[in-house]
Amino acid sequence: MMTINQIQQEIIDEFSLYDDWMDKYAYIIEQGNQLEPLDDKYKTPENIIQGCQSRVWLQTDYVDGKLHFQAESDAVIVKGLLALVLRVFNNRTPDEIIEADLRFMKEIGLTEHLSPTRSNGLLSVIKQIRFYAMAYKAKEENR
């Protein structure tokens with residue numbers, strides 16, 4: 001299995017194929033279209049990420065020491081961004097998530113090209129993922 005850094009590098013390399021931001025956005029949307037649809041039973045108020053302009057749901061399961069995430073958004077760009085973040089963080093141990101240096105967004109220029117509200121929303125999702133990682137780690141340590 002690839003490391004978090006290898007996956008980030010893979011994403012950076014994929015984005016380097018496009019010179020134009022319209023093409024990069026199209027690629028982000030394409031990534032979102034490949035995201036598994038979230039079962040309606042997970043579209044609950046508890047799973048909504050606060051701080052996102054569009055609606056974003058994040059479902060987290062902890063199985064065999066790894067976190068499994070499913071997410072969905074009603075905005076196409078956001079859905080694509082979720083797909084990228086999940087690609088990096090899905091099926092990881094809490095430690096891997098907590099220790100990850102998330103650099104791909106800055107390196108592909110995403111942070112400059114997203115509106116502040118989208119950027120904040122994406123940071124809220126990442127913060128929530130890290131929060132779950134810390135919570136499950138603490139739970140494991142207290143067993």
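Buried means under 20% relative accessible area, exposed means over 50%, and partly exposed lies in between, with a 1.4 Å probe and protein chains only. At 1% relative accessibility, phenylalanine 15 therefore counts as buried.

The model is predicted: local features need pLDDT of at least 70, side-chain atom pairs count only at pLDDT 80 or more, and totals for chains, interfaces and linings use all residues. Residues are numbered from 1 along each chain as its sequence is written, and side-chain values use heavy atoms, with hydrogens and water left out.

**Aromatic rings**

Rings of Phe, Tyr and Trp (its six-membered ring) pair if their centres lie within 6.5 Å; planes under 30 degrees apart are stacked, over 60 edge-to-face, and the rest tilted. The count by this rule is 5 aromatic pairs. In one of them, phenylalanine 15 and tyrosine 27, the ring centres are 5.2 Å apart and the planes stand at 90 degrees, so the pair is edge-to-face. Phenylalanine 15 belongs to helix H1 (residues 4-16) and tyrosine 27 to helix H2 (residues 21-33), 12 residues apart, so to speak of the pair is to speak of a link between distant parts of the chain. Helices (H or I, at least four residues) and strands (E, at least two) are DSSP runs, numbered from the N terminus. Tyrosine 27 is buried at 9% relative accessibility. Ring pairs join Phe15, Tyr18 and Tyr27 in a cluster.

A charge sits over a ring if NZ of Lys or CZ of Arg is within 6 Å of the ring centre and within 35 degrees of the ring normal. Lysine 43 lies over the face of tryptophan 57, 5.3 Å from the ring centre.

Two strands pair if DSSP finds at least two bridges between them. Strand S1 (residues 56-63) and S2 pair in the antiparallel sense over 8 bridges, and histidine 68 in S2 is the bridge partner of aspartate 61. The hairpin of S1 and S2 has 2 residues between the strands.

Serine 73 lies in strand S2 (residues 66-73) and is buried at 5% relative accessibility. A polar contact is a pair of N or O atoms within 3.5 Å; within protein, one must be able to donate a hydrogen and the other to accept it, and residues adjacent in sequence count only if both atoms are side-chain atoms. The side chain of serine 73 reaches the backbone oxygen of arginine 55 at 3.1 Å, and a polar atom of that side chain lies 3.0 Å from the backbone nitrogen of alanine 75. Contact means heavy atoms within 4.5 Å. Beyond neighbours within four places in sequence, serine 73 is in contact with residues including Val78, Lys79 and Leu82.

**Helix H3**

Of the 14 residues of H3, 12 are buried, among them Val78, Lys79 and Leu82. The expected span of a helix is 1.5 Å times one less than its number of residues. For H3 (residues 76-89) this gives 20 Å, and the end C-alpha atoms are 20 Å apart, which agrees.

**Positive phi**

Most residues other than glycine have a negative phi.
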